[in-house]
Amino acid sequence: MDHNLLQAYQSITLIDAIALATFISCWIGYYYFAESGKRGRRGLVGITQEYRLQWAYMTPTREIPVACASLASNLMSSVSFYASTTIYIIAGLFALIGTVDKLQVFTSDLPFAPEGSRSLLELKLMLLVIIFVVAYFKFTWALRQFNFLTILIGGTPSEKYMQSPEHWQKVAKRMARINSQAGNEFNRGIRAYYYGIAALAWFVNPWLFLFSTLWITWVLYNRDFNSSSVRLLRDDYPPNLFDPSQYMANTNTDNNSQKTSDDSGS
């Protein structure tokens with residue numbers, strides 16, 4: 001194993017090292033760029049968190065909260081599909097490691113593909129395995145958290161059983177946080193897929209690997225901050241969040257008025 005690592009190290013050229021370092025920096029760096037600070041709150045991740053909070057506030061007002069659980073189930077089905085697909089991808093990559101010689105012949109016939117050692121090819125495959133293993137853990141953790149979300153939805157009391165506006169806000173914020181954490185993990189798994197496409201370019205050429213990494217990062221940035229979806233969500237951002245205290249005050253006023261009219265009629 002140490003001999004193979006040494007061979008892989010010796011086969012890595014300067015452009016290979018630069019491309020790999022750029023790949024790792026972009027993948028990790030974009031995570032902090034898109035999800036933290038004021039900038040992150042203005043992107044797709046931050047904006048959707050506000051709408052998740054709106055969803056959580058409105059859940060107790062619905063006569064049939066099972067509809068909200070159905071929405072969460074739809075989210076879970078998407079995550080489950082990606083998680084199961086990722087398992088097949090990982091299995092396929094491990095199968096490729098056993099046929100590196102044939103893969104080396106195939107990649108050597110690709111245009112602009114430089115000659116590389118078997119150990120370097122194994123290193124490229126292991127990079128893909130690591131990427132999709134990370135994606136698998138992200139998807140499965142997102143799936144578990146969406147399960148937690150359905151439990152919270154099922155345990156959310158109806159509006160008439162809410163103890164106070166403060167309790168309503170506490171329940172809604174807890175639900176929204178779980179929903180946001182699950183959605184963020186799902187986004188990170190999808191992001192790993194994108195960077196997995198960039199890593200595939202390394203089999204062709206390290207220059208293409210470098211270009212693909214930068215291009216994928218640019219695509220992610222535009223979708224998270226400049227896409228038409230973000231602009232539509234920003235039209236009413238931040239959304240006019242539901243106010244439980246005002247709603248409960250209005251409801252009590254209506255009930256008192258109805259009771260007064262009933263008493264006067266009798």
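Visitor: In which helix is R52 found?
Guide: This is a predicted model. Its R52 is found in helix α4.

Visitor: Which side chain of opposite charge is nearest to R52, and how far away is it?
Guide: R52 is buried yet has no salt bridge. A salt bridge needs a charged pair within 4 Å. The nearest side chain of opposite charge is E35, at 9.8 Å.

Visitor: Which side chain has a polar contact with R52?
Guide: Leaving aside neighbours within four places in sequence, R52 is in contact with A176, N179, S180 and G183. A polar contact of 3.5 Å joins the side chain of R52 to that of N179.

Visitor: Is T59 buried or exposed?
Guide: T59 sits in the loop between α4 and α5. Buried means under 20% relative accessible area. T59 has 1% relative accessibility, so T59 counts as buried.

Visitor: Which backbone oxygen does the side chain of T59 reach?
Guide: The distance is 2.9 Å.

Visitor: Which residues have the most contacts inside the largest nonpolar core?
Guide: This core has 53 residues. The elements giving two or more residues to the core are α2, α4, α5, α7, α8 and α9. The residues with the most contacts inside the core are F23, F139 and Y195.

Visitor: What is the relative accessible area of V79?
Guide: V79 has its place in helix α5. Leaving aside neighbours within four places in sequence, F139 has contacts that include V79, Y82 and F186. V79 is buried, and its relative accessible area is 1%.

Visitor: What distance separates the C-alpha atoms of V79 and L143?
Guide: V79 is in contact with F139, A142, L143, F146 and F186, leaving aside neighbours within four places in sequence. V79 and L143 are 64 residues apart along the chain. Their C-alpha atoms are separated by 6.1 Å.

Visitor: How far apart are the end C-alpha atoms of α2?
Guide: Helix α2 has 22 residues. At 1.5 Å a residue, α2 should span 32 Å. The expected span uses one less than the number of residues. The prediction agrees, because the end C-alpha atoms are apart by 32 Å.

Visitor: Which residue just after α2 takes a positive phi?
Guide: Within α2, the buried residues include F23, W27 and Y30. Just after α2, a positive phi of about 75° is taken by G37.

How values were computed: Residues are numbered from 1 along each chain as its sequence is written. This is a predicted model: local features need pLDDT of at least 70, side-chain atom pairs count only at pLDDT 80 or more; totals for chains, interfaces and linings use all residues. Side-chain values use heavy atoms; hydrogens and water are left out. A nonpolar core is a set of buried Ala, Val, Leu, Ile, Met, Phe, Trp, Tyr and Cys residues joined through side-chain atoms within 4.5 Å. Buried means under 20% relative accessible area, exposed over 50%, partly exposed in between (1.4 Å probe, protein chains only). Helices (H or I, at least four residues) and strands (E, at least two) are DSSP runs, numbered from the N terminus. Contact means heavy atoms within 4.5 Å. Lys and Arg count as positive and Asp and Glu as negative; His and the chain ends are not counted. A polar contact is a pair of N or O atoms within 3.5 Å; within protein, one must be able to donate a hydrogen and the other to accept it, and residues adjacent in sequence count only if both atoms are side-chain atoms.
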